[in-house]
Amino acid sequence: MNQAIATEKAPSAIGPYSQAIRSGNLLFVSGQLGLDPATGDMVSPNAVDQARQALINLAAIATAAGTDIRNTIKTTIFLTDLSGFAEINKVYGEAFDQPYPARSTIEVSALPKGGKVEIEAIIALE
């Protein structure tokens with residue numbers, strides 16, 4: 001049975017979806033933008049700052065589900081400009097320990113709320 005996970009420490013869903021769904025021993029976290037949970041606004045127009053906040057939001061959702069971001073199995077990163085990938089990669093590397101999660105990175109033409117980075121994850125539950 002699927003269970004919705006929600007926390008006020010991450011931005012509210014901006015559409016008809018859940019912040020995350022627990023299914024069995026896995027947590028499927030919806031794409032997180034660089035939104036400040038308190039205001040719903042982007043933390044910065046800078047892609048690196050947005051990536052850092054997206055990872056903070058992912059971590060908050062993982063904690064709400066009783067797990068840790070370091071248990072992440074797979075992520076997908078959506079960027080509006082792949083030329084900033086190296087800088088985003090540094091911030092991403094700070095959030096995880098080895099073995100690093102499997103990952104896909106995709107350039108997209110646009111993201112909600114004018115975001116430059118969105119990160120979704122599949123996380124193992126403890």
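Alanine 121 is buried, with a relative accessible area of 6%, where buried stands for under 20% relative accessible area, exposed for over 50% and partly exposed for what lies in between, as found with a 1.4 Å probe on protein chains only. The model is a predicted one, in which local features need pLDDT of at least 70 and side-chain atom pairs count only at pLDDT 80 or more, while totals for chains, interfaces and linings use all residues. Residues are numbered from 1 along each chain as its sequence is written, and side-chain values rest on heavy atoms, with hydrogens and water left out.

Alanine 121 belongs to strand S6; helices (H or I, at least four residues) and strands (E, at least two) are DSSP runs, numbered from the N terminus. Not counting residues up to four places away in sequence, alanine 121 touches Leu27, Phe28, Val29, Leu58, Thr72, Lys74 and Thr75, contact being defined as heavy atoms within 4.5 Å.

The strands form an open sheet of six, in the order S1-S2-S3-S6-S4-S5 and with mixed pairing; two strands pair if DSSP finds at least two bridges between them. Strand S1 (3-5) and S5 each have a single partner strand and stand at the edges, so one side of each is left without a neighbour in the sheet. From one strand to the next the twist averages 15°, with axes fitted as lines to C-alpha atoms, for helices over the stretch in contact, and angles running from 0 to 180 degrees between N-to-C directions. In general, strands of a sheet pair through backbone hydrogen bonds, either parallel or antiparallel. Strand S2 (residues 20-23) pairs with S3 in the antiparallel sense over four bridges, and serine 23 stands opposite leucine 26 in S3.

Strands S4 (residues 72-79) and S5 (residues 102-107), by contrast, run parallel and are joined by six bridges, with isoleucine 106 in S5 as the bridge partner of phenylalanine 78. Together with helix H2 (residues 85-95), these two strands make a right-handed β-α-β unit, a crossover being right-handed if, with the strands pointing away from the viewer, the path from the first strand over the helix to the second runs clockwise.

Threonine 75, in strand S4, counts as buried because its relative accessibility is 1%. Its side chain makes a polar contact of 2.8 Å with the side chain of tyrosine 92; such a contact is a pair of N or O atoms within 3.5 Å, where within protein one must be able to donate a hydrogen and the other to accept it, and residues adjacent in sequence count only if both atoms are side-chain atoms. Glutamate 94, placed in helix H2, counts as exposed at 55% relative accessibility, and beyond its neighbours within four places in sequence it is in contact with Arg52 and Arg70.

The largest nonpolar core has 27 residues, and those with the most contacts inside it are Leu27, Val29, Leu55, Leu58, Val117 and Ile119; a nonpolar core is a set of buried Ala, Val, Leu, Ile, Met, Phe, Trp, Tyr and Cys residues joined through side-chain atoms within 4.5 Å. Strand S3 (26-32), helix H1 (47-64), S4, H2 and strand S6 (117-124) each supply at least two residues of this core, the largest share, eight residues, coming from H1.
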